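Dear colleague,

Please find the structure below, handed over for your use. The notes after it set out what was found.

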Amino acid sequence: MESKEWLHPQAIGSSMDSLGAALKSNIIPNKEYLLQGSIMDSSVEVLLHRLRGLCDNVDTGAETFYDQEMCFSIRGSSSSSSMPQLLYLRVRRALDSTMPQEMPCQLRYTGEPELGTGDKARPTIVRSSVDVAVTPSILEYLTELGARIEFEYVARGYMFRKGRMKITVSKIFKVSREGQGSRPEDLVSQSYLVEMSVLAPSGQDAIGEDMKAFAEQLKPLVHLDKIDYKRLPHTIP
Amino acid sequence: MKNTALQISTKNGINFRDPEEGFRRSKSTRTDISFRDLSSSQQRTVDVLHNSEQPASVFSILDTGSKTIPVVADTLFDLLVMKMNTVLQKRQKIESRGSRFELCDFCIKIGSVTVPGAGQNFKGVLLEIEYRACVIPNYCWEFMKEFIQGFLGTNTLNVPPQYLQTRMNDVYQPIDTIQQYLEHFNMFRKSTGIMSYN
């Protein structure tokens, strides 16, 4: 074939090149800074009132959400050890839209909380996190890939923003086949889960201090803290 | 996305004329793909595709042997795939890279297909013709056929491509372009001889 100039235009960079460049310049928000706590149902109104006053969305009020989250695990093979590695992926979708089956989902990878030098001094849990918006076919995609549903739940509650911080106050329900987790008998506990999180590029540890300062303002209603699940006593329902 | 596109591939190089008056060359184009296999089961293939036409999206197609499941995602899906390196193993990459021309509502993309790596293994030429004013293939097929035959000859592509035949009355989406690219990339990977148009 003749070599024509228009068949060999200037190179257009590949998307993997730009991802590599973004990783190198550290602009991808791939770390999650997290604090968690809980509050009894009887006191949640006081907390919501306080958050309404403290957070950015004062005039519009709290944003509500009603989501289903499914946690999938995929078994991978690791060359270094004989134990197969489990990779956890979470798919979250909104149930409060008119067509929940057709709305885009959120696919999320969260790593183990980072341990290492200086972790004790850190005010928040820091873990790697990758959030991707995906089409709803992701559920079938993951199932066919060999992923197994580990657990699923429905979360219904309020979301507040304060700068880069996101504060959610949510009620956790078991997933019931017909009621989609809004019936009182599907309640998991008599309390609300309170989470404060920020997604930021790695190395921005200063945000942890801001979060801690904000968490102080919610005391004594709720104690937001680093929760280490491995140290919690396991109770089997 | 208002378009209907189809691809034609050729192994022995169509003798394209220089862009005629009226063709506007806008930018270079690129579609690439990387194949990944599940490390545990060789039956399933995961393809991750990018198209310069939709730079903020990543397309992934899982082929289980009996069916294909497409997913469209944000660009960070690439990062997730990198995290899944214990589950998926990268096998091969193939890309179509070339020029993009516009003529009224038509968009013509001519790409040379290569397998990057040692020696830039050239596989052939892929031609994509997109009619961007219509979303239902059935409504514009005859018009597209006339356009294609106008510069590729009348014995080219008399019936719609196999992929579109069952979807002629559906709304055309970017993933349909990607699925057609994947079909052709798979043929390029396997083939050694001349490829047919239909």
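Chain B of this predicted model exposes about 8700 Å², of which carbon and sulfur atoms supply 47%. Of the 198 residues in chain B, 58% are buried. The chain contains four helices and eight strands, and along the sequence they follow the pattern β-β-β-β-β-α-β-β-β-α-α-α. Among the contacts in chain B with a separation of 6 or more, 60% are between residues 24 or more positions apart.

Helix α2 of chain B covers residues 137-152 and bends by about 30° at B:Phe143. Its buried residues are B:Pro137, B:Cys140, B:Trp141, B:Met144, B:Lys145, B:Phe147, B:Ile148, B:Gln149 and B:Leu152. After α2(B) comes B:Gly153, which has a positive phi, near 100°.

The cysteines deserve a separate note. A disulfide is a covalent bond between the sulfur atoms of two cysteines. A search of the whole structure finds zero disulfides over all chains. B:Cys134 is accordingly in no disulfide, and the nearest cysteine sulfur, that of B:Cys140, is 3.8 Å away, whereas the cut-off for a disulfide is 2.5 Å. B:Cys134 has a relative accessible area of 12%, so it counts as buried. B:Cys104, in contrast, has a relative accessibility of 70% and therefore counts as exposed.

In chain A, helix α3 spans residues 138-145, and its buried residues are A:Ile138, A:Leu139, A:Tyr141, A:Leu142 and A:Leu145. Why do these residues line one face of the helix? Seen down the axis of α3(A), they fall within an arc of 165°, so they line one face. As a general point, an α-helix has 3.6 residues a turn, so residues three or four places apart point the same way. Just after α3(A), A:Gly146 has a positive phi of about 105°.

Beyond its neighbours within four places in sequence, A:Leu142 is in contact with A:Phe72, A:Ile74, A:Leu89, A:Val91, A:Leu107 and A:Ala147. In soluble globular proteins, nonpolar side chains tend to be buried together.

With kind regards

Key
Residues numbered from 1 in each chain as written. Chains lettered and ligands numbered in written order. Predicted model: local features only at pLDDT ≥ 70, side-chain atom pairs only at ≥ 80, totals over all residues. Heavy atoms only, no water. Bend = angle between axes of the 7 residues up to and from the residue. Helix = DSSP H or I, 4+ residues; strand = E, 2+ residues; numbered from the N terminus. Buried < 20%, exposed > 50% of the residue type's maximum accessible area, 1.4 Å probe, protein only. Contact = heavy atoms within 4.5 Å. Areas by Shrake-Rupley, 256 points an atom, 1.4 Å probe, with all protein chains shown as cover. Arc of directions from axis to C-beta.
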